[in-house]
Amino acid sequence: VQQSEALLRSFINHFPSAISQQDMDGRFQLVNSAFLSVYGLPLEKVIGKLDKDIMLTRHYEGKVAHEAEVIKTGETVTLERSEELPSGETHRRLMIKFPIRNLDGEITSFGTIGFDLSDLREAEENLRKLEARLSDILRIAPEVIISTDIDGEILMFNDAAESTFGYERDDMIGQSLDVLLPEQVRSAHGRHIKAFVEGGDVQRLMGGRGEIS
């Protein structure tokens, strides 16, 4: 039993996300190293303490509501939460709370795993900014730029395309590219697109430049 407990504690302590266990009154019974690192506290300042002893009040209220949902459903409840730490840092975490039962099936405590999403959300925000900059560059480019999906439905129609073809961007999104092509070349263009998609080469020019009157 001691060996099994030591093995379990080793896994818990080396797990990179915060893990904790609390009794039904909300007092901490077990926390791992990642949890202590998040709050910058030693173990003796956490075990036996309540959440409100180490958390800001507004975050504590949200946590209580989360646990009430676990009691109500008897199931694991997952939600994303933003939490301001005593250090002033703000963490975005995916909080997974689950009931811990005794041999009679009664809920005797709560388990919590908190996955830090801060880096992920920052990366997503940077990607959104990059996409927005790229979209602006493509939109104001002097040459016509049109993007379609593999079925030929228009996804992007820049300013030069509007002035060249005389259609508004909003009217063209979702339309088939065929509406911009002379009828006599539509079939050939469709075959060309099909060969390009099935070829799997995303970098080659599609046959180079061609002139259509």
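Buried means under 20% relative accessible area, exposed means over 50%, and partly exposed lies in between (1.4 Å probe, protein chains only). This is a predicted model, where local features need pLDDT of at least 70, side-chain atom pairs count only at pLDDT 80 or more, and totals for chains, interfaces and linings use all residues. Residues are numbered from 1 along each chain as its sequence is written, and side-chain values use heavy atoms, leaving out hydrogens and water.

**Stop 1: Y167.** Select Y167. Its place is in the loop between α5 (159–165) and α6 (169–172); helices (H or I, at least four residues) and strands (E, at least two) are DSSP runs, numbered from the N terminus. Y167 is partly exposed, with a relative accessible area of 38%.

With Y167 they form a nonpolar patch on the surface, and together the three have about 240 Å² of accessible area. A nonpolar patch joins Val, Leu, Ile, Met, Phe, Trp and Tyr side chains within 5 Å, from residues with over 30% relative accessible area and no salt bridge (a Lys or Arg side-chain nitrogen within 4 Å of an Asp or Glu carboxyl oxygen). Areas come from the Shrake-Rupley method with a 1.4 Å probe; for residues, only the protein chains shown count as cover.

**Stop 2: S17.** Go to the loop between α1 (2–14) and β1 (18–23) to find S17. S17 is buried, at 8% relative accessible area. Show N32, A34, I113, G114 and F115: S17 touches these, not counting residues up to four places away in sequence. Contact means heavy atoms within 4.5 Å.

**Stop 3: the core.** Select A18, F28, V31, F35, L36, V38, Y39, V46, I54 and M55, the 10 residues of the largest nonpolar core. Within this core, α2 (33–39) and β2 (28–31) each supply at least two residues. A nonpolar core is a set of buried Ala, Val, Leu, Ile, Met, Phe, Trp, Tyr and Cys residues joined through side-chain atoms within 4.5 Å.

Methods:
Patch = residues over 30% accessible without salt bridge, like charges linked within 9 Å, V, L, I, M, F, W, Y side chains within 5 Å.
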